[in-house]
Amino acid sequence: MIKGLGEVDQTYDASSVKVGIVHARWNKTVIDALVQGAIEKLLAMGVKEKNITVSTVPGAFELPFGTQRFAELTKASGKHLDVVIPIGVLIKGDSMHFEYISDSVTHALMNLQKKIRLPVIFGLLTCLTEEQALTRAGLGESEGKHNHGEDWGAAAVEMAVKFGP
Ligand SMILES: O=Nc1c(NC[C@H](O)[C@H](O)[C@H](O)CO)[nH]c(=O)[nH]c1=O
């Protein structure tokens, strides 16, 4: 048996896992669905509601700094987080703004894990159209619609339980 394959459907004891969600406020309809999907999955996997804290930032560009400070301030208040889920939705406009924010925020969130020593789940949708964003939040008319927030919630529990402090 190749080690690790058996972990695909492993259940985790998430009763003590503390999750921070930091979401941007652009594209509210999609954001709200993604956040709700993540929270519902966290609760379904055993995370206690009192162990889920949420904060917001203006837009995706503020996610790296907002997530870092949220984790640091939470720790300074005597609590601690086991994992953070930054959530943002970028939709391409008619300028290069989308490309620059998508690339810089992605790299910043990846690097943030080393700074705060916590798993950072990649909750940034980078969509070329509004329909793509709606589909990835489980909204819209597409057959293949699926709420990616659920995947982020599941990833958060796994990373916190397996690789947390
Ligand atoms: O432009 N499009 C978007 C956007 N721009 C704002 C940016 O993130 C930042 O908040 C401001 O530039 C101020 O710093 N923020 C998003 O989350 N999604 C978008 O689709």
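This is a predicted model: local features need pLDDT of at least 70, side-chain atom pairs count only at pLDDT 80 or more; totals for chains, interfaces and linings use all residues.
## Ground rules

Local features need pLDDT of at least 70 and side-chain atom pairs count only at pLDDT 80 or more, while totals for chains, interfaces and linings use all residues. Residues are numbered from 1 along each chain as its sequence is written, and side-chain values use heavy atoms, with hydrogens and water left out.

## Around the ligand

Let's start with the ligand, which is surrounded by W26, N27, G59, A60, F61, E62, V89, L90, I91, H97 and I101 (a residue counts as near if one of its heavy atoms lies within 4 Å).

E62 brings a polar side-chain atom to 2.5 Å from a ligand oxygen atom. V89 uses a backbone N or O atom, 2.8 Å from a nitrogen atom of the ligand. For I91, a backbone N or O atom lies 3.3 Å from an oxygen atom of the ligand.

Two packed helices are described by the angle between their axes and the distance between the axes. Helices here are DSSP runs (H or I, at least four residues), numbered from the N terminus. Their axes are lines fitted to C-alpha atoms over the stretch in contact, and angles run from 0 to 180 degrees between N-to-C directions.

Helix α2 (residues 63-76) packs on helix α3 (residues 97-116) at about 20°, with the axes 9 Å apart. The two are therefore roughly parallel (angles under 35 degrees). From α2, L63, P64, T67, Q68 and A71 meet V105, A108, L109, L112, K115 and I116 of α3, where contact means heavy atoms within 4.5 Å. By class, this contact has eight nonpolar, two polar and one charged residues.

## Helices α1 and α5

The other pair is helix α1 (residues 28-44) with helix α5 (residues 148-163), at an angle of about 40° and with axes 7 Å apart. These helices are therefore oblique to each other (the class left after under 35, over 145 and 65 to 115 degrees).

On the α1 side, L34, G37, A38, K41 and L42 meet α5 residues including H148, W152 and V157. The contact of α1 with α5 has seven nonpolar, four polar and two charged residues, with Gly counted as polar.

Conventions:
A polar contact is a pair of N or O atoms within 3.5 Å; within protein, one must be able to donate a hydrogen and the other to accept it, and residues adjacent in sequence count only if both atoms are side-chain atoms.
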